[in-house]
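Hi,

Here is the structure I promised to pass on. Have a look first, and my notes on salt bridges and the ligand follow below.

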Amino acid sequence: MLELTGISKQFNGRTILKNLNLQVTDGKTLAIVGPSGVGKTTLLRIIAGLEDADQGEMTWNGAKTTSEELRKQGILGVVFQNFALFPQYTVRKNITLAPTLSGTSQADADKKADELLNQLSLTEQENAYPSTLSGGQKQRVAIARALALNPDVLLYDEPTSALDPALRDNVADMLNQFKQAGMTQVVVTHDMDFAAKVADTVFKMPIGLEA
Amino acid sequence: MNYIGEILPALLNGTWTTLWVFALTLVISIPLGILLSLGLTKGTKNPLAVAIRWILNCYTWIFRGTPLLLQLIFVFYGLPIIGVVFDRNSAVIFAFVLNYAAYFAEIFRGGFQAVDRSQFEAATVLNLTRWQTLRYIIIPQVTKIVLPSIGNEVINLVKDSSLVYVIGIGDLLRAGNIASARDVTLVPLVLVGIIYLLLTFVLTMVQKQVEKKFANFD
Ligand SMILES: Nc1ncnc2c1ncn2[C@@H]1O[C@H](COP(=O)(O)OP(=O)(O)OP(=O)(O)O)[C@@H](O)[C@H]1O
Ligand SMILES: [Mg+2]
């Protein structure tokens, strides 16, 4: 279980997050919802270690830790709102690059990539470059890239915002499949319907938790 | 035809000088430019980084803001006054490298700034080290962005290498000049022009090939 307590964050003297407490239960999907500008992305970035909180603590399975440590242990995976795929590499290489650079053999990384490509219906695109993919395909590559490192918790920022609204239910189905497979997920979204479809728990900003 | 055969060895000798000034300047100033561009890139408010950035900005301003010819003269004739003496060849390389690294630094600074911040972040959350991030994610993208500008500078460098005559080094242009004045004919200078064109033609081809290698992504 990932737990954040007393998280506060200011930007240029303006308070964005104030004394937030958040629990992410193993195998569950937590949706962080709220109006634009309320600090959802900021909170996700703090969990991911891309932004430092001014105050607050983080524990993993009860032990005090930091985002940086969680990252080093490969616990967190992040799917960016704009996907941030590496444009110079093919779909397959986007998925295998980080594992091979962290010491996994090319053969093992490729085997894992085969699985992910298959699971996410990307087999035909394996040699394509990101610029030639549709939004939905890009997102699935971004997810595969994160999953290739076998994270325990997957973080998504607005997974439906860059996509055709018709694809929204597909994304919800995909996240629910991951949940079935035991993945712990944190999803930032302003889309309440989507949140209702995927979330076990909804965290309403700026107020707090609602079961 | 005979006459061409007579002066060609001198011209080729000069071409050799042009080529080593060119090659040596390039292989030193490009990596140096990349390194300096990292210092030039806005990022932290750390006082040391700010100081370095200020110094580097002065450096690029001075070396891009004054003629290379003047810099060459200062290095060879000016620096000895304060006790720094270079032989001719070292003076040439020193001045050319400082000049070209300033241009390359600015080009790479622009290239680094053009790469989306989320690329760094994606690499970070995938647990890549800083060096891996640069080597595998950022530099390939920057290279694609800067290639056209680098190509221009490389062609300029071939032609700028003719400036070495001011400190008495015999390059291609000087060899042509000498033959032209001695024999009272423009033929040597026509040949010089042709040799420069051949050199820049080859470089343009190389540039096209390299750009092709980076054409498969945007
Ligand atoms: N790096 C930053 N520097 C200064 N202010 C920032 C920074 N990042 C975010 N902010 C501000 O913090 C507030 C919260 O931003 P955040 O992106 O977390 O909101 P959000 O809830 O994700 O909004 P949206 O639904 O529009 O994505 C905004 O007012 C934003 O302008
Ligand atoms: Mg946001």
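Before the rest, some housekeeping. This is a predicted model, where local features need pLDDT of at least 70 and side-chain atom pairs count only at pLDDT 80 or more, while totals for chains, interfaces and linings use all residues. Residues are numbered from 1 along each chain as its sequence is written, chains are lettered from A and ligands numbered from 1 in the order in which they are written, and side-chain values use heavy atoms, with hydrogens and water left out.

On to the salt bridges (a side-chain nitrogen of Lys or Arg within 4 Å of a carboxyl oxygen of Asp or Glu). Searching the whole structure turns up 13 of them over all chains. D200(A) pairs with K179(A), with 3.3 Å between the closest N and O atoms. K179(A) sits in helix α6 of chain A and D200(A) in the loop between α7 and β9 (201-204), so this pair ties together parts 21 residues apart in sequence.

Another pair is K197(A) with D169(A), at 3.2 Å between the closest N and O atoms. That one links helix α7 (residues 192-198) to helix α6 (residues 168-180), 28 residues apart. K197(A) is partly exposed at 40%, and D169(A) is too, at 38%.

In chain B, E106(B) and R109(B) meet at 2.9 Å, N to O. Both lie in helix α4 (residues 88-114), three residues apart, and both are buried. There is also a salt-bridge network that links R45(A), E51(A), R117(B) and E121(B).

Now ligand 1. It has 13 residues around it, and R14(A), S36(A), K40(A), T41(A) and T42(A) come nearest (near means a heavy atom within 4 Å). A side-chain N or O atom of T42(A) is 2.5 Å from a ligand oxygen, and a polar side-chain atom of R14(A) lies 2.8 Å from an oxygen of ligand 1. Helix α1(A) gives the most to the shell, with three residues.

Cheers

Methods: Helices (H or I, at least four residues) and strands (E, at least two) are DSSP runs, numbered from the N terminus. Buried means under 20% relative accessible area, exposed over 50%, partly exposed in between (1.4 Å probe, protein chains only). A polar contact is a pair of N or O atoms within 3.5 Å; within protein, one must be able to donate a hydrogen and the other to accept it, and residues adjacent in sequence count only if both atoms are side-chain atoms.
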